[in-house]
Amino acid sequence: MKDTENSMKTVTIAGQTVPQTAALAPMASVADTAYRTLCAEHGACMTTGELVSAKGLCYGSRGSAELCRITAAERPMGLQLFGAEPEFIAEAVQKMLSFGPDWIDINMGCPVPKVVSQGAGSALMKTPELAEQVLSAAVRSAAGAVPVTVKMRIGWDGESINAVEFAKRMEAAGAAAIAVHGRTRMQFYGGEADWKPIAEVKAAVSVPVIGNGDVASGADAVRMYAETGCDLVMVGRATYGNPWIFEEIEAAVCGEAYQPPAVRERLAEMLRHIRMILDTSEKSEKLAMREARKHALWYLRGYPGAAAFRARSAQLNSYAEAEALAEEYLARNP
Ligand SMILES: Cc1cc2nc3c(=O)[nH]c(=O)nc-3n(C[C@H](O)[C@H](O)[C@H](O)COP(=O)(O)O)c2cc1C
């Protein structure tokens, strides 16, 4: 695509040439296959699977393998591994390759105790030498079959911000791209993301840098590109019930106006999303609906009557009930 004022720029990251709009962030228990498909349809230019335990995959866990399934509609899509033992990472990369990922990402940002207590996820930011061994093991194992990328935070806590040195190490160990979430581990998901270290990482490495943290609108994405110089913006929580954010970001980066969807359209998309969850789940409708509930209630956040809608969403047991809820809402709020 030509780089003129009104056409979208493209960027090449981990071997994928994509429009410079926004990627969907990996989100365990949220960004599953239905979610990724929906976001890709709305313009997410890259998607990543939920984090997968390297050990789980090596030991043949069915759940871990299920997280590695990729469909064409989700591509370009990467799969993400977590672990702190280079030998398990190397073997897990081999197993992951059989699922056909476009790239493999190594998680160095997850803050949850279950992961951190194994020395994995964001704990690797405290042990850069081990992180380097983990990454090198992944790169060696992938042997050029797919690029290996890293997703990291800016440090463990406010006193140990080491994003720049850490990213440089990862680049030297063979990372093909680096995503930086502008928070420390100790911040979990609270407080405000600090984009300055993202800019510093971008200035310090020559592989593409993906900026992440608190992008909640088209204007935010434009600001993140301007303030950090990142190659691509990645969006997580602002996609909840709002796959249109990718269209909003595309409009913003192209300098075009954006018209948010009307309530009727939101509800129609909610129903389509629930249908996709049911169609892609191996569980019964009743059990799959338990996972669909949180998505349903997100679609009307901030709208009149959202509290009552949320309460009803939390009880949904079937697609038919979701349809009835949407109809009722529209009848009350025409
Ligand atoms: C529910 C949830 C699950 C997440 N799961 C993962 C994950 O599996 N792997 C990962 O690298 N990051 C994970 N993250 C972090 C996000 O990818 C992202 O870095 C973070 O939410 C900040 O971006 P945001 O402000 O746009 O949400 C998760 C975040 C949330 C809220």
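**Sheet, helices and hairpin: a short tour**

Let me start in the sheet: strands β4 and β5 are paired in the parallel sense, over five bridges. Two strands count as paired if DSSP finds at least two bridges between them. Helices (H or I, at least four residues) and strands (E, at least two) are DSSP runs, numbered from the N terminus. Opposite Q80 in β5 stands L51.

A word on the source: this is a predicted model, in which local features need pLDDT of at least 70 and side-chain atom pairs count only at pLDDT 80 or more, while totals for chains, interfaces and linings use all residues. Residues are numbered from 1 along each chain as its sequence is written, and side-chain values use heavy atoms, with hydrogens and water left out.

Back to the sheet. It is open and has eight strands, in the order β3-β10-β9-β8-β7-β6-β5-β4, with parallel pairing. Its edge strands, β3 and β4, each pair on one side only. From one strand to the next the twist averages 25°. Angles here run from 0 to 180 degrees between N-to-C directions, and axes are lines fitted to C-alpha atoms, for helices over the stretch in contact.

Further in, β6 (residues 103-108) and β7 (residues 148-152) pair in the parallel sense over five bridges. I106 has V150 in β7 as its bridge partner. Helix α9 (residues 218-228) packs on the sheet and touches β3, β9 (209-212) and β10 (232-235), its direction making about 140° with that of β10. Contact means heavy atoms within 4.5 Å. Helix α10 lies across β3 and β10, and runs at about 165° to β3.

A199 is 27 residues from A226 in sequence, and their C-alpha atoms are 9.6 Å apart in space.

Next, helix α1, residues 33-41. Its buried residues are A34, Y35, R36, T37, L38 and C39. They pack against strands β3 (22-24), β4 (47-53) and β5 (77-82), and against helices α10 (245-253), α11 (263-280) and α12 (285-298). After α1 comes G43, with a positive phi near 115°.

Helix α13 (residues 306-313) packs with helix α14 (residues 319-332) at an angle of about 165°, and their axes are 11 Å apart. That angle is why α13 is roughly antiparallel to α14. For such labels, under 35 degrees is roughly parallel, over 145 roughly antiparallel, 65 to 115 roughly perpendicular, and the rest oblique. From α13, F309, R312 and S313 meet L325, E328 and Y329 of α14. By class, this contact of α13 with α14 has three nonpolar, one polar and two charged residues. Ala, Val, Leu, Ile, Met, Phe, Trp, Tyr, Cys and Pro count as nonpolar, Asp, Glu, Lys and Arg as charged, and the others, Gly among them, as polar.

Last, the hairpin. Strands β1 (residues 10-13) and β2 (residues 16-19) pair in the antiparallel sense over four bridges. T12 has T17 in β2 as its bridge partner. Two residues lie between the strands of this hairpin, and A14 in the turn has a positive phi of about 50°.

Definitions and conventions:
Buried < 20%, exposed > 50% of the residue type's maximum accessible area, 1.4 Å probe, protein only.
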